[in-house]
Amino acid sequence: MTTKSPLHEVHSGLGASFTDFAGWSMPVRYASELAEHKAVREAAGLFDLSHMAEIELTGPEAARALDHALVGKLSAVSVGRARYTMLCAESGGVLDDLVVYRLAEEKYLVVANAGNAAVVAEALRERAQGFDTQVTDRSAEVALIAVQGPNSPAIVGAVCDADLSALKYYASVPTAVGGHDVLLARTGYTGEDGFELYVDAAVAPEIWQTLTEAGQPHGLVPAGLACRDTLRLEAGMPLYGNELSSELTPFEAGLGRVVKFDKDEDFVGKAALAKRRDAEAERVLVGLTGSGRRAPRHGYPVLDGGTVVGEITSGALSPTLGYPIAMAYVPPGLSDPGAKLSVDIRGRVEPVEVVALPFYKR
């Protein structure tokens, strides 16, 4: 059965095309994903991300429980700040990448990908056993709306009284929009400045409307999941199921920095990750650029001469840059920027060059 967002009727009214995403019916585009992508880079886009999972940990040992459950040192995060981290298996494989907000001394909010919601909730409950903390899945009662793009501060600033100039990247603050409580975070997945608003699902349509009206003078457009994917790809951000999986550790993905070995708590996957840290990688994640109009796609083989040496994890014709971009796993010896490789694009071999990530920086 497909779950509908609390904003489903709003999207239908806006003429959205829907896609099934991890069991959710979500807007993939409204008019043109290219126009939506461009709006986020140049003005602002309004996203419904209610398919994401929100899991709360409260209690005196919430911080210790998260230090044990996740690879990051969540006890070191200040109240009002957030951290990008991962949930790993005992093998070191990534079960999900997460953003964790510390809302109070004894209260955290863990935000997980829709496709891994059940896995993350179950793992947190299991790993929190023996710690004085409560794990509560709030996903059904929380909606998530994002405003992303250079004009997002003007739009969000017009609807709430939070001091946005003091709200740093990866920080959050409780505020109100139209009299409704909101957790406002300066986080996002587009490579632009932006905000994410965690709101009560029941008032999500009202808050969406308030933001829409505030955004009219600033070029705000509703934006679907298709442009979210090209935006995050340009920004070199990983997508679970593409760049991250249970077969890969954070180290292959170039994200070894999120693993904190210096914490008091023993954590799940520590031994395997320590071993992996000290060994040479068999494959590493790289950026690739092409010159034609044909974009490499997920699953296409990467070649060195006539030999298959890797596989594309994500690829698209970059709307901002105007040429094909992709991420792929290749052997370390072929991972230096400037290395020349090729991709088999449905039987036609196209040249690509290894480049440093991200492809786009604001």
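User: Is the crossing of helix 5 and helix 6 left-handed or right-handed?

Analyst: The model is a predicted one. In it, I155, A158 and V159 of helix 5 meet T210, L211, A214 and G215 of helix 6. The crossing of helix 5 and helix 6 is right-handed.

User: Where around the axis of helix 8 do its buried residues L273, A274 and R276 lie?

Analyst: Helix 8 comprises residues 270–278, and L273, A274 and R276 are buried there. These residues cover an arc of only 165° around the axis, so they lie on the same side of helix 8.

User: Which exposed residues does the face of helix 8 turned away from its buried side carry?

Analyst: The buried residues of helix 8 have a cover that includes strand 6 (82–88). The face turned away from that buried side carries A271, K275 and D278.

User: Which residue of strand 13 is the bridge partner of V182?

Analyst: Strand 13 (residues 194–200) has six of its seven residues buried. Strand 10 (residues 142–148) is joined to strand 13 by seven bridges, running antiparallel, and L144 stands opposite Y198. Strand 12 (residues 180–185) also runs antiparallel to strand 13, with four bridges. In strand 13, the partner of V182 is V199.

Definitions and conventions
Residues are numbered from 1 along each chain as its sequence is written. This is a predicted model: local features need pLDDT of at least 70, side-chain atom pairs count only at pLDDT 80 or more; totals for chains, interfaces and linings use all residues. Side-chain values use heavy atoms; hydrogens and water are left out. Buried means under 20% relative accessible area, exposed over 50%, partly exposed in between (1.4 Å probe, protein chains only). Helices (H or I, at least four residues) and strands (E, at least two) are DSSP runs, numbered from the N terminus. The arc is that of the directions from the helix axis to the C-beta atoms. Contact means heavy atoms within 4.5 Å. Two strands pair if DSSP finds at least two bridges between them. A crossing is left-handed if the near helix is turned anticlockwise from the far one by less than a right angle, and right-handed if clockwise.
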